[in-house]
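Dear colleague,

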Amino acid sequence: MFRPTSHGWIEVICGPMFSGKSEELIRRVTRSRIARVPVQTFKPSLDVRFSNGEVVSHSLMKVEAIPVSSAAELLRAVEDATAVVGIDEGQFFDMELVAVAERLADAGKQVIVAGLDTDYLRRPFEPIPTLCGRAEFVTKMLAVCHRCGGPGLFTQRIVRSDALVVLGAEGAYEARCRACYSSEEAEQPTLELAEASWSER
Ligand code: ADP
Ligand code: MG
Ligand code: ZN
């Protein structure tokens, strides 16, 4: 197994909701763990949808994760011996995540960040787009369009809310392809938040 020594790097896994970003992050960090490479996985503490101490995918794959409230706190929590740093829901971190990821990579670590590249209005969802420009490897994930089964690259919010973040649930968001995404529906969703069928994930 190749292990980074003086050279670290950054990997970004991006795409819409339901595209398998968390699954792919879990797969990569689990692989390192099997190879006995020291791994630490982090997630923003605002995202406690499933479990506080784990990253859990929509398909219920999971891996142990440390909740942190900022990129600075993440940096402080990374141990010297750690060779692989996994970070889920990167879009919920501040812009400082870019500098933190670069600092960890400069220190010889493999940094894997999963996150949404655009928000529900298809606007760039920082810091992921900037991180893509600073990453050696970028993997764009596609979901299955909930409407037609085509390549889902956007996240459509189907409930009414002005907040940028309505923590995810199948009832609040759908993956949509280019043809099925609707700007009008994003601005004027038909469902009220309370009417949406909430589920635990
Ligand atoms: P992400 O982190 O990108 O939101 P996850 O890794 O948590 O995605 O979940 C991916 C899994 O979600 C898929 O393997 C599949 O089991 C499930 N899933 C549910 N809806 C969809 C969809 N529309 N397209 C693809 N996968 C979906
Ligand atoms: Mg995810
Ligand atoms: Zn479609």
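This is a predicted model: local features need pLDDT of at least 70, side-chain atom pairs count only at pLDDT 80 or more; totals for chains, interfaces and linings use all residues.

In helix 3, which spans residues 96-106, the buried residues are Leu 97, Val 98, Val 100, Ala 101, Leu 104 and Ala 105. They lie on the same side of helix 3, because the arc they cover around the axis is only 170°. As background, residues three or four places apart point the same way, because an α-helix has 3.6 residues a turn. The partners against which the buried residues of helix 3 pack are strand 1 (9-15), helix 2 (71-77), strand 6 (84-87), strand 7 (110-116) and helix 4 (128-133), whereas the face turned away from the buried side carries the exposed residues Arg 103 and Asp 106. After helix 3 comes Gly 108, with a positive phi near 95°.

Turning to the rings, a search of the whole structure gives 3 aromatic pairs. One of them joins Trp 9 and Phe 137, whose ring centres are 6.4 Å apart and whose planes stand at 80°, so the pair is edge-to-face. Since Trp 9 belongs to strand 1 and Phe 137 to strand 8 (residues 137-140), this pair ties together parts that are 128 residues apart in sequence. Trp 9 is buried, at a relative accessible area of 14%, while Phe 137 is partly exposed, at 46%.

Two charges also sit over rings: Arg 122 lies over the face of Phe 154, 5.0 Å from the ring centre, and the charged end of Arg 157 sits over the ring of Tyr 120, 3.7 Å from its centre.

Best regards

Definitions and conventions
Residues are numbered from 1 along each chain as its sequence is written. Chains are lettered from A and ligands numbered from 1 in the order in which they are written. Side-chain values use heavy atoms; hydrogens and water are left out. Buried means under 20% relative accessible area, exposed over 50%, partly exposed in between (1.4 Å probe, protein chains only). Helices (H or I, at least four residues) and strands (E, at least two) are DSSP runs, numbered from the N terminus. The arc is that of the directions from the helix axis to the C-beta atoms. Contact means heavy atoms within 4.5 Å. Rings of Phe, Tyr and Trp (its six-membered ring) pair if their centres lie within 6.5 Å; planes under 30 degrees apart count as stacked, over 60 as edge-to-face and the rest as tilted. A charge sits over a ring if NZ of Lys or CZ of Arg is within 6 Å of the ring centre and within 35 degrees of the ring normal.
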